[in-house]
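Subject: Handing over the model

Hi,

Here is the structure I promised to pass on. Could you have a look at it before reading my notes?

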Amino acid sequence: MSTDKNLLSKLAAGDKHGEDSPYFDGWKAYDNNPFHPTHNPQGVIQMGLAENQLCSDLIKEWIKANPHASICTADGVDSFSDIAVFQDYHGLKQFRQAIAAFMGRARGGRASFEAERVVMSGGATGANETLMFCLADPGDAFLIPTPYYAAFDRDLRWRTGVKIIPVECNSSNNFQVTKQALESTYLKFQETGIKIKGLILANPSNPLGTTLDRETLETIVSFINDKQIHLVCDEIYAATAFAEPRFTSVAEIIRDMDHVNRDLIHIVYSLSKDMGLPGFRVGVVYSYNDAVVSCARRMSSFGLVSSQTQSFLAAMLSDQRFVDSFLVEVSKRVAKRHRMFTEGLKEMGISCLRSNAGLFVLMDLRQMLKDQTFESEMALWRVIINKVKINVSPGSSFHCSEPGWFRVCFANMDEDTLRIGLERIKDFVLGERDNKNCNNKKENKKRKSFQKNLKLSFSSMMYDEHVRSPRLMSPHSPLLRT
């Protein structure tokens, strides 16, 4: 039964939610037929979800050793009444203090954060949207280097009316954003009358799995400072960096740069990726702008973190010995899983963009495309989803400027499932190569047969011409006279 769209708001009836994308379609394919090693071994393996399940055992061990941290245990129930009553939107003081300290530790202690600037939100999704409401009006625009997180189209635009302007980057320099690209895109769209309010970066990058170096960050900060537009840095993968160059936060950059208008700098953080707690919906807006902090805090009423979650996390994140050990182990385990996956792909002759952070890789399947078009990329993606039974995300869903790149996640499953995924990819790749080689052999055979027949035909014509020419081309022929 269809609903009369006239009964709904334009927002509800419209199609600007950004979910009409293969990024979300892949999730639906998995939901309809999820892989299970015993109950559904032929199901779709979810490799499109950037989730960190590598260190949940460490958190479980801490919980067992610290039962007082939960108000739902005999050891912690005495705090139940204090936590269960109304809490204002500032959040628990001990929680904000613990989050601020954790943000500094997740950045190697090279940056410090003030608890008074920590604003809660319902995950990074809510934090990003809150910043858009604070910084821009409907119709205003933000620049974003490509490729960028697929759900930004929904998170940043749908309810805010803000526009996204892609800053095109390409593989010639590993998709690094340049000052030239920023300048040219800014000028081009400014001339159209669009009001550009800022630049959004994900550092470490999703889907690239790379970190921005200090020089690039300094260039970016100088760019936004010159233009007097905002810079929003999404740093939710900060602690997943596992190789050089190390992760550098924008907080480090502005500390060391002179004459930077700090009112333009804002950071988004969460515990979803670094700690593997997406279900807790803990997002953070951290702004150096007092007015933004004030407005975002009022808006946080629409997406608060439950006081029970705040209380538990405040206890865990205040355990400095645990936090330091956890952060070291996260980096080690992400590195191990990254190495396992990329080496498995390398054995098949598949390369990935070189990366040093994140819970995914950008896999290069350009050589498997029928031709270098996004239509061919989508055709290949449908085969991977429907035949290989693996959910990966095509580069086009991240607005990648080149077809043939696919984001593949490796940290949201156990090693056995990852090995099965690798085997499926291997079988598919080798099968495609066999088919290609077989087709090439057939083509070569046809070509050789054609050439042979052509040669025989030509020889026959030459012989026939030689035999017939004296008779046909006599001195009395009119052709000779001509």
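First, the ground rules. This is a predicted model, so to speak of local features I needed pLDDT of at least 70, and side-chain atom pairs count only at pLDDT 80 or more, while totals for chains, interfaces and linings use all residues. Residues are numbered from 1 along each chain as its sequence is written, and side-chain values use heavy atoms, with hydrogens and water left out.

**The sheet**

Helices (H or I, at least four residues) and strands (E, at least two) are DSSP runs, numbered from the N terminus. Two strands count as paired if DSSP finds at least two bridges between them. On that basis, seven strands make an open sheet with mixed pairing, in the order E2-E8-E7-E6-E5-E3-E4. Its edges are E2 (118-122) and E4 (163-167), each of which pairs on one side only. Neighbouring strands are turned by 25° against each other on average, direction ignored; the axes behind this are lines fitted to C-alpha atoms (for helices over the stretch in contact), and angles run from 0 to 180 degrees between N-to-C directions.

Helix H8 (residues 179-190) packs on the sheet, where it touches E3 (141-145), E4 and E5 (196-202); contact here means heavy atoms within 4.5 Å. The direction of H8 makes about 140° with that of E4.

With E4 it pairs in the parallel sense over five bridges, and Phe142 has Ile164 as its bridge partner in E4. Three bridges join E3 to E5, again running parallel, with Leu199 of E5 as the bridge partner of Leu143. In a regular strand the side chains alternate between the two faces of the sheet. In E3 both faces are covered: Ala141, Leu143 and Pro145 on one side, Phe142 and Ile144 on the other, are all buried (buried is under 20% relative accessible area, exposed over 50%, partly exposed in between, with a 1.4 Å probe and protein chains only).

Elsewhere in the sheet, E7 (residues 265-270) and E8 (residues 282-287) pair in the antiparallel sense over five bridges. There, Tyr269 has Val284 of E8 as its bridge partner.

**The cysteines**

How many disulfides are there? The count comes to zero, taking a disulfide as a pair of cysteine sulfur atoms within 2.5 Å. For Cys295 the nearest cysteine sulfur is that of Cys134, 3.6 Å away. Cys295 counts as partly exposed because its relative accessibility is 27%. Cys400 is in no disulfide either, with the sulfur of Cys169 nearest at 9.7 Å; at 6% relative accessibility, Cys400 counts as buried.

**Cavity and pocket**

Both searches use a 1 Å grid over the protein atoms alone: a cavity is a set of points where a 1.4 Å probe fits but cannot get out, a pocket is an open set with protein on both sides within 12 Å along at least five of seven lines, and lining residues have an atom within 4 Å of a point. Grid points are joined across faces, edges and corners, and a volume is the space filled by probe spheres set on the points.

One cavity of 30 Å³ or more turns up in the whole structure, and the largest cavity holds about 70 Å³. Its lining includes Met363, Leu365, Ile384 and Phe428. H15 (415-472) gives the most to that lining, with three residues.

The largest pocket holds about 540 Å³. It is lined by 27 residues, with Asn174, Gln176, Thr210, Thr211 and Leu212 nearest its centre. E5 gives the most to this lining, with three residues.

Cheers
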